[in-house]
Amino acid sequence: MSAGEETKPVSEVRELLRELILGREDPQGFFCMCVSLLGDADTRRLFLDLIKPLSSEYEHLHSQLTSVFLEYFSKDESEELELALTLSLYETKQIDPEDKLHNSDHQHHVPRSYKTYADVRTESSGADGSVVPENQPTAKCTLDTEVHKTRNAIKHINGDKITKSQKRRLRKKQHLLKNPSGPRPVVLWFRRDLRMWDNPALIGCLELGAPVIPVFLWNAMEEEGPGVTMSTGGASKYWLHQALVSLKRSLEERGSHLVTLKAEPSSLTALQGLMDETGAASVVATALYEPWLKERDDALWETLEKRGVTCHIYHSYCLRDPYTVSTRGVGLRGIGSVSHFMSCCQQNPAGGLGSPLDAPTTLPSPSAWPQGCPLADLGLARMPRRKDGTVIDWAVDIRKTWDFSEEGAHTHLEAFLRDGVYRYEKESCRADAPNTSCLSPYLHFGQLSARQVLWAARGARCKSPKFQRKLAWRDLAYWQISLFPDLPWESLRPPYKALRWSSDHAHLKAWQRGRTGYPLVDAAMRQLWQTGWMNNYMRHVVASFLIAYLHFPWQEGYRWFQDTLVDADVAIDAMMWQNGGMCGLDHWNFVMHPIDAALTCDPCGTFVRQWCPELKALPDDLIHKPWKCPTSMLRRAGVVFGDSYPERIVIDLEERRAQSLQDVASVRRRFRQFVDQRSGCDLVPVPSRLVQDALGSMEDIVKHEKNGFLLPVITRMEFKHQSEDPDRQDNPYSAVLKGYVSRKRDETVAFLNERDFTASVMCESAQRRERLERDSCLLEGLPRPTASRGGARRTQTRDPYSKVPGGVAVPRK
Ligand SMILES: Cc1cc2nc3c(=O)[nH]c(=O)nc-3n(C[C@H](O)[C@H](O)[C@H](O)COP(=O)(O)OP(=O)(O)OC[C@H]3O[C@@H](n4cnc5c(N)ncnc54)[C@H](O)[C@@H]3O)c2cc1C
């Protein structure tokens with residue numbers, strides 16, 4: 001073939017050859033494009049000549065292309081005929097949509113308990129809710145039109161420059177040519193449902209009977225939402241990376257693959273690109289409930305559906321879709337508490353929960369995979385480098401602590417139900433024993449579904465209602481964020497925004513790094529820093545300390561948790577910090593005391609010894625208040641304040657607490673319009689949808705305001721009392737809780753606390769006296785005095801709090 005007679009398609013192929021050499025195209029793709037541009041006969045005739053120039057410098061490429069060519073043309077004639085027939089059939093179908101409808105042979109089946117997006121939309125518009133069949137004539141983006149479009153695109157390529165979208169279309173052609181007669185692939189969009197077991201979206205995909213293309217898209221901006229959300233901080237991003245590694249492996253074990261992609265500029269464009277490239281006809285995903293993500297998804301589904309793509313959305317992230325929770329018949333009194341939420345769910349039931357689904361053993365693959373990017377390129381597990389170039393591996397302890405896989409999730413669940421659940425009801429507050437499930441990161445990333453956990457808990461030998469209720473707490477958080485989209489950054493109780501907050505950066509830093517001088521707080525914050533987790537009780541202790549004793553706004557704690565927790569969850573974290581920060585719908589009716597709380601959760605100091613090893617030689621009874629140790633004891637234990645262990649950053653806890661209380665009282669007086677004069681409760685502006693839902697029975701307590709509705713919400717007695725006289729020092733309703741189990745137990749704790757301290761100091765001075773006497777006898781040559789009986793150190797040998805009948809501690813004998 002001389003250059004003079006070279007046709008346009010041939011020069012386009014030469015152009016593509018350059019792309020291949022530059023590594024921007026793979027041999028398979030290149031070959032398919034040749035077939036598209038030249039047609040079968042010319043490809044057979046010209047291909048080997050066209051690739052000849054590669055044989056010297058790019059020998060490997062050349063041999064790959066040759067074998068692709070030989071393989072393709074080794075097909076017998078009947079196969080080729082079939083291909084031709086299929087393509088012409090598509091052409092015919094394009095001009096005869098009726099025929100296409102009648103021939104729809106792979107209508108999908110959606111499990112009854114789940115809904116497609118089409119269902120949800122038709123339902124909400126009051127239609128009958130029937131499922132939109134995949135091959136419905138209104139679907140604009142059918143296979144035949146795509147083939148046609150692709151052909152047109154190829155016709156219009158201008159030879160000199162191939163644009164990205166042209167390339168994508170060519171790739172789509174490649175997919176179609178490879179699998180011309182099969183059903184069009186379905187994109188399974190993994191988000192926060194990174195599991196094989198009990199994954200309705202995954203099973204829904206399989207029911208479509210088409211090849212499945214699992215994808216994970218990452219766009220940090222979209223996750224963030226409009227406010228200061230800190231949706232995925234360092235630790236949880238690290239977990240996400242590892243969970244994706246594990247998901248990829250699970251998919252590969254099933255003959256599939258995970259395509260990872262940076263969704264730039266948006267998830268919508270990335271998905272559209274994928275649909276174009278693969279010819280996929282539907283997208284399947286699990287619903288997300290953060291309002292900004294829901295908004296994004298709603299717009300995205302709508303655009304895709306307009307383009308003829310069918311979108312199937314399943315609900316499995318929570319036990320209950322938060323957008324279906326109604327207060328009808330229950331009202332708004334007590335809103336924010338888990339019992340109110342459970343009443344709403346019971347009174348207004350949704351469809352049944354159904355039972356967990358099995359994992360599939362295989363997944364049908366497409367004939368060719370779309371191009372993604374390496375998982376590492378998503379930048380989820382980025383490690384900074386030192387000046388000398390070495391990597392700072394900050395996640396080393398997180399790796400040692402956790403198994404990030406779905407199997408790891410099941411192991412945790414089984415171990416908990418076999419062992420920990422027996423102690424959960426009464427002893428879940430213990431910091432020194434693994435009495436809780438540690439399932440939070442797995443639940444957050446959907447490596448376990450809430451339904452699986454609930455089923456397993458119900459079927460366990462020992463049933464813990466308290467544990468099962470925790471799943472309702474989780475749903476409550478998602479309901480709250482669905483009602484209050486600003487939950488992660490805006491206090492729900494307006495007056496509290498005006499509180500006088502501390503700006504002492506050194507205090508905040510000391511809290512973050514576990515250097516406050518309060519061993520229990522420090523141990524918990526160090527555990528968080530190193531492992532990305534701490535238990536619920538300890539989260540209450542450190543949150544109380546930050547807010548009630550250090551006077552920082554709750555948002556500081558929320559953001560730090562979001563960055564350091566492996567289970568950082570915008571909805572739960574925001575709800576809990578708002579409640580702890582006195583601004584939530586249900587603010588905590590207690591303040592954890594940083595020393596006395598230890599007597600309930602770490603009575604022998606085991607937890608503190610693990611995370612603050614510099615204190616490990618201190619006796620049990622003083623390890624939580626080392627500043628009370630006699631100097632000699634500190635010397636023996638090697639504790640030097642300000643050196644081996646920090647000085648306390650605040651000394652007078654009572655005074656700090658009283659100040660916090662006074663500040664609250666004064667803002668409540670300043671913003672009287674947000675205090676209900678009748679009940680003394682705080683008033684919170686609530687969204688009208690909530691009020692409309694409940695109205696009727698609630699007219700009496702909901703005040704109609706110009707800018708919304710104000711609802712009286714649960715308010716601490718001590719606040720009501722203090723507001724009457726902000727300078728008052730003797731508030732009888734003090735919320736400071738020394739322990740957690742009961743006030744009675746607190747009193748016992750206080751008694752033991754005092755007795756132990758006195759006894760320990762007495763012992764210490766007796767020892768000192770003995771030593772002095774012995775030394776002076778030695779000096780004066782007198783006989784040694786007889787040694788007193790019993791050990792000088794009063795180290796506790798038995799933990800008196802591990803069994804607390806009826807919540808009352810048994811004092812030591
Ligand atoms: C200030 C503060 C911040 C918190 N931030 C988060 C967070 O970012 N992510 C998070 O998952 N939990 C958060 N929690 C709730 C709770 O502390 C953790 O879910 C729990 O410690 C996780 O440990 P676990 O799995 O052993 O819990 P378990 O006691 O075994 O509970 C089982 C599951 O129930 C759910 N759950 C438990 N407690 C709560 C709760 N109070 N609210 C909602 N769901 C709950 C979790 O999914 C948990 O995994 C926070 C609590 C506080 C006080």
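Why does Ser-440 count as buried? Select Ser-440 and look around: Ser-440 counts as buried because 20 C-beta neighbours lie inside 10 Å. (Buried means 20 or more other C-beta atoms within 10 Å of a residue's own, exposed means 12 or fewer, and partly exposed is in between, with C-beta atoms placed from the backbone.)

Before moving on, two notes. Residues are numbered from 1 along each chain as its sequence is written. You are viewing a predicted model, in which local features need pLDDT of at least 70 and side-chain atom pairs count only at pLDDT 80 or more, while totals for chains, interfaces and linings use all residues.

**Stop 1: the annotated site.** Ser-440 sits in helix H18, residues 440–444. (Helices are DSSP runs of H or I with at least four residues, strands are runs of E with at least two, and both are numbered from the N terminus.) An unreviewed UniProt entry lists Ser-440 under "binding site", along with others including Tyr-424, Cys-438, Phe-467 and Asp-569. The listed positions spread over 146 residues of sequence and, in space, up to 22.5 Å between C-alpha atoms. UniProt positions follow the numbering used here, feature names are shortened, and annotations may be inferred rather than shown by experiment.

**Stop 2: Phe-467.** Now pick Phe-467 in helix H20, residues 465–483. Phe-467 is buried, with 23 other C-beta atoms within 10 Å. Leaving out residues up to four places away in sequence, Phe-467 touches Val-421, Tyr-424, Ser-437 and Ala-457. (Contact means C-beta atoms, placed from the backbone, within 7 Å.)

**Stop 3: around the ligand.** Show the 28 residues that surround the ligand; Thr-436, Ser-437, Ser-440, Lys-470 and Asp-573 are the closest. (A residue is near a molecule if its C-beta atom, placed from the backbone, lies within 6 Å of it.) Colour by element next: H18, H20, H23 (536–549) and H25 (570–580) each supply at least two residues of this shell.

**Stop 4: Cys-438.** Go to the loop between helix H17 (406–427) and H18, where you will find Cys-438. Its phi is near 55 degrees, a positive value in a residue other than glycine. Most residues other than glycine have a negative phi. With 19 C-beta neighbours inside 10 Å, Cys-438 counts as partly exposed.

**Stop 5: Met-230 and Pro-265.** Met-230 is in the loop between helix H11 (220–224) and helix H12 (234–253), and its phi is near 50 degrees. Finish at the cis peptide bond from Glu-264 to Pro-265, with omega near 0 degrees. Pro-265 lies in the loop between strand S3 (259–262) and helix H13 (267–278).

Conventions: Two residues are in contact if their C-beta atoms, placed from the backbone, lie within 7 Å.
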